[in-house]
Structures are given as structure tokens and as C-alpha cells.
Amino acid sequence: MPQYRRLLEGGQTWFFTVNLQQRRSTLLIERVNNLHDVVGRVRRKYPFMINAWVVLPDHMHCVWTLPDLDDDFSLRWRLIKTGFAKQLPRQESIRESRLRRGERGIWQRRFWEHQIRNEQDYSNHVEYCYINPVKHGYVSAVKEWPYSSFHRDVRKGLFAEDWAGPVRDVALEWE
């Protein structure tokens, strides 16, 4: 079994990518209200700041800041994943290894995290969240994707509504 090493200290800001088990699923946007409710419940019990969040059909990216002296993002993700899965009917196919562990077949077991190092790193990861629906071809402009905290940040004056422009303006970044 691999040994994952994480530098943990409270009050830090983190970027996450969390994937569904079925990568071609649309479950997250079909049940985005369930996800929103679960995240709200978890935040009330174990607070964290949502700096950025985008929900795509089969995965999501987000940037969180944890409270001082608190580094337990894994607990929060476990509660979010479990709470979301409990709201769904048991229709997914489940491998024997997951059945033995009492798991559902909704989420990939792990998630990817990156500790934000500085302001540029922070900006890069927030922007990555917001541009992701354009990158995947779901919309041609960031403002068109409804499942994103981008709209909150536009209301706060942190981003212009037409930030990043249409896809033809950012296409060279991925070539």
C-alpha cells in the first residue's frame, strides 16, 4: 500500500480535484442541489472558506481555506462524499472490493490536493477552476457555466463577467 505524505498545518489554503467513479457520468450536475446541501451541512459542523468551486458533470475543482489550527480536509471530503452518496438510490454497479469495505460506487476513493504556496499559485488555481468548463467544451465562456462560484466572485467585483472571453481567446493556452 502506498504511503502518502502530506504537509499538514492548520489555516492553509488548498486546491482539490474530486472525481466520480464513472468519469462519463453527469451525476454531479444532475444532483448539484444535493451536493450543495451536503457541503452546507459539513461546513456548519466543520467550517471552511470556499475560495472557488466549480462542479462539472463528473468531477469538481475547488479552493478552500481551513480555519487556524485545523488541517483536516480529509474528514470534510469523507463527510461530503458519504453524505452525497447517501442521498442517492443504490443503482450503481459495485466491485467486490468496495462491497467488502461497505463502500458505494459513486466516488473515486481518493482526491487530489495541492497546498497553495503564494498569491500567484492561488490566482492560478482559482482561474483554473473557473476556466475548466470552457476547457472541457461545456460552454464557450466562463459566465455561461452555472455551477461555479465565479458568479459570486463577479458580484463581489473580483472578476469581470466577461473574464477570459470566448473560447477562441483562450484556446492557445491548451495547444
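## A loop residue out in the open

Let's start with L69, which sits in the loop between β3 (59-65) and α3 (73-86). Keep in mind that you're looking at a predicted model. Is L69 buried or exposed? Its relative accessibility is 86%, so L69 counts as exposed, the cut-off for that label being over 50%.

The backbone of L69 deserves a glance too. Its phi is near 65°, which is a positive value in a residue other than glycine.

## A helix residue tucked inside

Now hop over to V134, which belongs to helix α5 (residues 119-135). Here the relative accessible area is 4%, and because buried means under 20%, V134 is buried.

Which residue is 30 places away from V134 along the chain, with 9.6 Å between the C-alpha atoms? That's A164.

## The second largest pocket

Next up is some empty space. Rolling a probe the size of a water molecule over the atoms is a way to see where such space is left. The second largest pocket holds about 470 Å³. It is lined by 18 residues, and H36, I50, W53, S148 and S149 are the closest to its centre.

Which elements give two or more residues to this lining? They are α2 (32-45), β2 (49-55) and α6 (150-155). Of the elements, α2 gives the most, with seven residues. Sorted by class, the lining of this pocket has nine nonpolar residues, six polar ones and three charged ones.

Note on methods:
Residues are numbered from 1 along each chain as its sequence is written. This is a predicted model: local features need pLDDT of at least 70, side-chain atom pairs count only at pLDDT 80 or more; totals for chains, interfaces and linings use all residues. Side-chain values use heavy atoms; hydrogens and water are left out. Helices (H or I, at least four residues) and strands (E, at least two) are DSSP runs, numbered from the N terminus. Buried means under 20% relative accessible area, exposed over 50%, partly exposed in between (1.4 Å probe, protein chains only). On a 1 Å grid over the protein atoms alone, a cavity is a set of points where a 1.4 Å probe fits but cannot get out, and a pocket is an open set with protein on both sides within 12 Å along at least five of seven lines; lining residues have an atom within 4 Å of a point. Grid points are joined across faces, edges and corners, and a volume is the space filled by probe spheres set on the points. Ala, Val, Leu, Ile, Met, Phe, Trp, Tyr, Cys and Pro count as nonpolar, Asp, Glu, Lys and Arg as charged, and the others, Gly among them, as polar.
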